There are 4 protein chains.
Amino acid sequence: MKKVRVAVVGANGYTGGEMVRLLAGHPSVDISILTSRQFAGKNITEIFPSLRGILDMPLVELDVADTARTCDVAFLAIPHTQAMPIVAGLIREGVKVVDYSADFRLQDPKVYEKWYKAPHTESALLKAAVYGLPELHANAIRTAQLVALPGCYPTGAILALAPAIKNKVIDLKEIVINSMSGVSGAGQTPSPQTHFPEIADNLRPYGVTTHRHIPEIEQELSLIAGEQVNVLFTPHLVPANRGILTTVTASTVSETSSAELVTIYRRFYDGAPFVRVLDQGMYPELRFVRGSNYCDIGLAYDQRTKKILAFSAIDNLCKGAAGQAVQCMNIMFDFPEHTGLRFGGLTP
Amino acid sequence: MKKVRVAVVGANGYTGGEMVRLLAGHPSVDISILTSRQFAGKNITEIFPSLRGILDMPLVELDVADTARTCDVAFLAIPHTQAMPIVAGLIREGVKVVDYSADFRLQDPKVYEKWYKAPHTESALLKAAVYGLPELHANAIRTAQLVALPGCYPTGAILALAPAIKNKVIDLKEIVINSMSGVSGAGQTPSPQTHFPEIADNLRPYGVTTHRHIPEIEQELSLIAGEQVNVLFTPHLVPANRGILTTVTASTVSETSSAELVTIYRRFYDGAPFVRVLDQGMYPELRFVRGSNYCDIGLAYDQRTKKILAFSAIDNLCKGAAGQAVQCMNIMFDFPEHTGLRFGGLTP
Amino acid sequence: MKKVRVAVVGANGYTGGEMVRLLAGHPSVDISILTSRQFAGKNITEIFPSLRGILDMPLVELDVADTARTCDVAFLAIPHTQAMPIVAGLIREGVKVVDYSADFRLQDPKVYEKWYKAPHTESALLKAAVYGLPELHANAIRTAQLVALPGCYPTGAILALAPAIKNKVIDLKEIVINSMSGVSGAGQTPSPQTHFPEIADNLRPYGVTTHRHIPEIEQELSLIAGEQVNVLFTPHLVPANRGILTTVTASTVSETSSAELVTIYRRFYDGAPFVRVLDQGMYPELRFVRGSNYCDIGLAYDQRTKKILAFSAIDNLCKGAAGQAVQCMNIMFDFPEHTGLRFGGLTP
Amino acid sequence: MKKVRVAVVGANGYTGGEMVRLLAGHPSVDISILTSRQFAGKNITEIFPSLRGILDMPLVELDVADTARTCDVAFLAIPHTQAMPIVAGLIREGVKVVDYSADFRLQDPKVYEKWYKAPHTESALLKAAVYGLPELHANAIRTAQLVALPGCYPTGAILALAPAIKNKVIDLKEIVINSMSGVSGAGQTPSPQTHFPEIADNLRPYGVTTHRHIPEIEQELSLIAGEQVNVLFTPHLVPANRGILTTVTASTVSETSSAELVTIYRRFYDGAPFVRVLDQGMYPELRFVRGSNYCDIGLAYDQRTKKILAFSAIDNLCKGAAGQAVQCMNIMFDFPEHTGLRFGGLTP
């Protein structure tokens with residue numbers, strides 16, 4: 001079988017490294033190029049010694065033309081604003097792009113500019129960009145040349161809310177999203193906020209009312225609702241490496257039950273290989289998705305307050321980033337959606 | 001100065017041990033009796049080797065009459081239902097009691113029986129019991145013979161909500177409380193749920209819609225509101241030893257601002273030595289209260305959704321249990337409220 | 001290609017679960033039977049929700065005759081002494097056995113009885129049992145009917161010492177082994193020693209001078225040395241889930257150098273796909289082997305004290321248990337040694 | 001009672017902050033000056049929000065003359081080489097100095113220059129400097145004007161070895177020291193090595209054969225032995241905040257027993273309030289000394305290999321740094337040695 005030739009741009013960060021880890025084990029992929037601005041000249045195993053014996057490959061500077069010649073698809077794991085011109089260049093050269101930056105997630109460049117405080121210099125591409133959440137947009141992903149991968153928080157939050165909104169279960173004015181994330185989501189660059197003794201045995205909220213993933217969540221939920229949805233989203237940092245647990249609460253518009261919620265969600269995600277809607281009374285935990293591409297969802301209706309609870313758990317580096325990238329690629333290249341991703345979480 | 005003679009009943013658990021740790025450092029306390037049903041005959045240092053060189057004292061079986069003869073006040077750190085007859089016995093003998101069980105927190109024995117699935121056999125005492133949250137009930141505590149200490153979650157949740165409710169800032173129908181707790185809150189008895197590999201690098205919700213601290217929170221908030229308040233409360237277990245971070249969200253009844261919230265909260269807690277309302281834009285973290293009796297509160301108003309956010313952080317074993325017990329005792333015996341408790345959190 | 005039909009006996013524990021995780025992803029394996037005394041009747045996904053969507057299979061009571069009919073090989077992950085009669089039964093029925101208990105690791109039943117305080121009731125089988133460390137015994141494993149998998153600590157310790165002993169670098173009287181292990185090595189059963197708050201932010205030695213893995217280490221090192229070797233082995237428990245870091249020190253019999261040590265070790269492990277001898281100046285870390293079957297080894301010579309240092313890192317559940325089991329099976333059934341095991345550690 | 005007026009120089013780091021925490025609770029101390037080059041102008045509570053409500057004081061630039069006017073003693077928590085001229089200046093002005101840098105620990109400036117790769121510009125002061133380990137040098141500390149506090153690792157290692165060497169129990173050529181440290185020992189400055197995801201669920205050795213605490217350990221052990229002692233010392237980084245567990249092994253010169261070791265150590269540390277020699281069969285753990293000034297020591301003799309094991313546990317920021325500083329100050333100013341330090345570890 002012909003293999004897909006891939007490049008990973010920015011292979012030295014946590015997301016890039018996770019892409020390499022997953023792609024190295026994918027049966028239908030040839031890794032052709034790994035790039036790193038900072039570490040060009042070094043071997044990938046110097047950055048990720050975990051890959052010793054598995055993948056022996058130099059990191060190089062990105063060369064768009066060369067990438068176009070030798071690759072079918074490029075995975076980007078570089079910061080927003082830096083991704084913009086590179087995506088544009090690769091698209092012009094005919095390479096498919098799966099981009100983990102925020103640059104092509106928001107359809108309206110004005111929203112981008114407001115939340116990211118930076119001009120959008122490639123807004124012509126936004127029309128073509130597909131938001132890479134397969135559970136919502138599989139058909140568009142199939143034929144996309146540019147997939148803009150969701151942020152890690154939006155993946156967990158949108159999957160936890162989409163069926164309830166679609167089925168008009170909840171009051172769109174009373175949606176509250178609290179997420180707790182492991183620290184790998186903050187990336188590989190050391191900072192006072194991610195220094196071990198400031199995180200261990202600690203918890204803290206951050207980005208209160210201002211986190212940049214808010215417009216992304218609202219864009220996708222509004223699309224489903226058919227009207228503008230605003231949410232109160234609050235992320236928290238917890239002493240764990242990987243994973244996001246999201247707790248969504250929302251007032252209901254009429255009586256429901258936990259059992260009915262499970263039914264609604266299972267119907268919505270029927271055929272989605274990576275969403276596991278748990279039985280009534282079961283709730284997700286990070287350890288069951290750690291290192292895997294699954295999103296576990298648990299549901300409850302609180303009769304006393306007439307509100308629903310929806311919990312989701314993902315591995316932020318996998319379903320929240322690199323795994324979702326591979327899932328999108330599988331769809332784009334007509335592989336079974338779970339190819340190279342069919343393994344359970346590392347428990348314990 | 002005459003010292004207060006104290007007994008700690010159930011000195012072998014985490015809360016009992018923390019009481020002993022704090023009382024051993026209190027300048028106006030003589031520890032007279034330490035009891036333990038399970039470990040009677042052993043020395044307290046066999047259970048808490050951290051106390052070697054500081055307190056050398058045997059654990060004994062509880063003897064109510066002997067306690068009455070030799071102690072002015074008894075701290076109870078034993079399970080609910082077990083506490084009931086012991087509290088009654090001690091009160092009859094004239095000993096003041098500071099009880100950490102749930103047995104005397106709820107004024108209505110029917111509510112107790114509904115949530116705890118056990119008969120209340122000492123409901124005559126409920127009238128006299130004072131809910132031991134000094135920031136709300138200092139005057140009643142001053143003259144109380146029986147103080148029922150709040151649960152750890154209610155301490156953080158009530159302190160985060162009281163000023164907003166008192167000042168009629170929020171819609172009482174749209175209060176959502178999410179708490180994240182360290183594992184010491186689950187006590188000292190091993191269980192599959194608290195086995196290290198099931199907690200480390202993990203997160204999970206539990207007690208979804210059913211946690212027994214709900215009626216306590218609602219009782220106190222309803223008292224402040226002057227009408228019945230129901231809340232959606234969801235606790236989560238996180239890989240930390242000590243501490244509870246509570247994130248409260250609520251819809252507002254009219255426009256406000258973060259600055260106004262800070263003003264309202266500071267006015268409410270004026271003179272309360274252990275509540276620290278943070279400057280606008282600052283949020284609490286566990287590490288700043290670890291091992292201390294402080295409750296840090298941070299506030300924000302989200303203009304986009306017209307909701308407020310109130311965060312609180314406490315050490316569940318200290319302000320959430322043993323420290324609050326000592327704070328209550330200080331009030332009961334006319335010591336300055338911070339006596340023996342005036343130390344900052346262990347950072348890092 | 002014909003697949004190997006396997007049974008996992010004791011599939012509900014951490015080691016059993018890891019076997020199932022690895023076998024479920026092995027391209028040449030059919031999982032035929034999963035047994036559990038405690039959870040027979042439940043589905044494996046109820047014990048390991050991480051496997052939902054991947055493996056849907058009931059746990060059953062062990063039936064030796066049925067296992068013989070339907071399986072080519074049985075993996076045992078049950079406690080010592082319990083394994084003995086089951087191994088014997090399976091062997092009699094012609095099933096190959098890969099056993100993780102300690103029952104067939106020690107060639108001398110008297111040594112077994114001394115360290116395990118239990119009679120060895122199947123000592124006739126000891127002759128046939130092969131110590132399942134492929135880097136030392138690949139040829140014997142190839143034709144073995146009974147493979148006794150090494151303990152987790154011995155795997156790390158023996159691999160760190162074998163080349164130095166084989167090459168007569170060190171004084172056999174001055175070998176000191178210190179190991180630090182994550183808590184999953186203690187198994188799935190809760191105990192006060194593995195209760196989260198007793199482990200987190202803590203470190204402790206245990207099994208001082210008495211750990212049962214000592215005779216195993218000494219047996220294998222003595223075989224290599226051609227004379228009796230005694231070691232001082234001390235394990236420590238650390239707040240991590242998976243992994244063992246072993247620090248070996250030993251006095252040398254003559255001058256050497258770090259570079260020479262690297263050369264000696266690389267020569268010794270030439271062709272061993274799962275031992276990675278690091279460059280001089282590099283040392284192993286748990287995170288590079290987490291979830292993988294690799295053993296990383298780092299070496300140094302201290303000129304000031306004329307001693308060598310050898311460090312090894314393994315994942316105790318993988319190379320220290322289930323991964324090694326699969327590696328042995330690959331050898332026994334003539335698959336490439338790395339089949340189903342060729343993935344790097346989960347970093348971060 | 002007249003209080004001692006103190007300055008803390010470098011109050012913004014972990015060690016400086018711990019000094020402030022301890023001094024703020026010391027009954028006979030007035031904190032007069034807190035300095036910070038980096039944060040002068042800020043309040044100490046901005047750096048350590050844990051101190052809000054306890055100590056409200058600005059950080060200032062160091063002014064040696066002003067310090068001399070207003071302080072009896074200065075605690076230094078600044079890097080080596082930076083401390084040298086400041087110590088000299090303060091000493092000239094007649095202020096007593098308790099210095100946590102390495103600058104005055106080593107009596108021989110050539111040894112300093114070899115290990116620290118920097119010239120010693122104040123070697124005239126070395127004669128007067130006293131190594132601030134009260135268990136060895138209490139008398140000299142009593143009259144010292146300059147106390148050079150031990151490093152954190154040397155504190156644990158020397159206390160674990162001193163009685164065995166003094167009593168000629170062990171072969172001085174066969175001493176192996178392995179230490180495992182929490183991450184606060186690496187200080188407050190973020191680095192890739194201390195980034196949360198690189199530490200959590202991980203273990204690693206570092207400073208292999210080259211750690212700068214080696215000459216300090218050897219200096220003090222040689223003084224006790226009356227001859228040159230060399231040790232193989234290897235530190236490891238573990239996922240904990242505070243604490244060092246040290247495992248010492250050494251060959252014996254003649255038969256001994258665990259009981260005899262306990263007797264020898266207890267005799268040696270008779271009267272030392274902060275060393276707790278545990279009963280035979282008991283071993284130290286970090287959690288029993290966390291946040292406290294105690295050093296717990298456990299002992300064993302291994303008859304099989306004729307070696308001894310000595311384990312010590314300290315809190316690196318407390319007995320390994322700031323607590324030891326206060327202990328030295330107590331001795332220098334004739335306070336009972338445990339003043340302000342008589343509290344147990346935070347368990348859990």
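The buried residues of helix 6 of chain D are covered by elements of chain D that include strand 5 (130–131), strand 6 (146–148), helix 7 (152–166), strand 11 (275–277) and helix 11 (318–332). The model is predicted, with local features requiring pLDDT of at least 70 and side-chain atom pairs pLDDT 80 or more, while totals for chains, interfaces and linings use all residues. Residues are numbered from 1 along each chain as its sequence is written, and side-chain values use heavy atoms, without hydrogens and water.

**Helix 6 of chain D**
- D:P134, D:E135 and D:I141 are buried in helix 6 (residues 134–143) of chain D (buried: under 20% relative accessible area; exposed: over 50%; 1.4 Å probe, protein chains only).
- Because these residues cover an arc of only 40° around the axis, they lie on the same side of helix 6 of chain D.
- The face turned away from the buried side of helix 6 of chain D carries the exposed residues D:N139 and D:T143.

**Helices 7 and 9 of chain A**
- The axes of helix 7 (residues 152–166) and helix 9 (residues 214–225) of chain A come within 10 Å and cross at roughly 20°.
- Helix 7 of chain A is therefore roughly parallel to helix 9 of chain A (angles under 35 degrees).
- Residues in contact (heavy atoms within 4.5 Å) include A:L161 and A:I165 of helix 7 of chain A and A:L221 and A:I224 of helix 9 of chain A.

How values were computed:
Chains lettered and ligands numbered in written order. Helix = DSSP H or I, 4+ residues; strand = E, 2+ residues; numbered from the N terminus. Arc of directions from axis to C-beta. Axes fitted to C-alpha atoms, helices over the stretch in contact; angles between N-to-C directions. Parallel < 35°, antiparallel > 145°, perpendicular 65-115°, else oblique.
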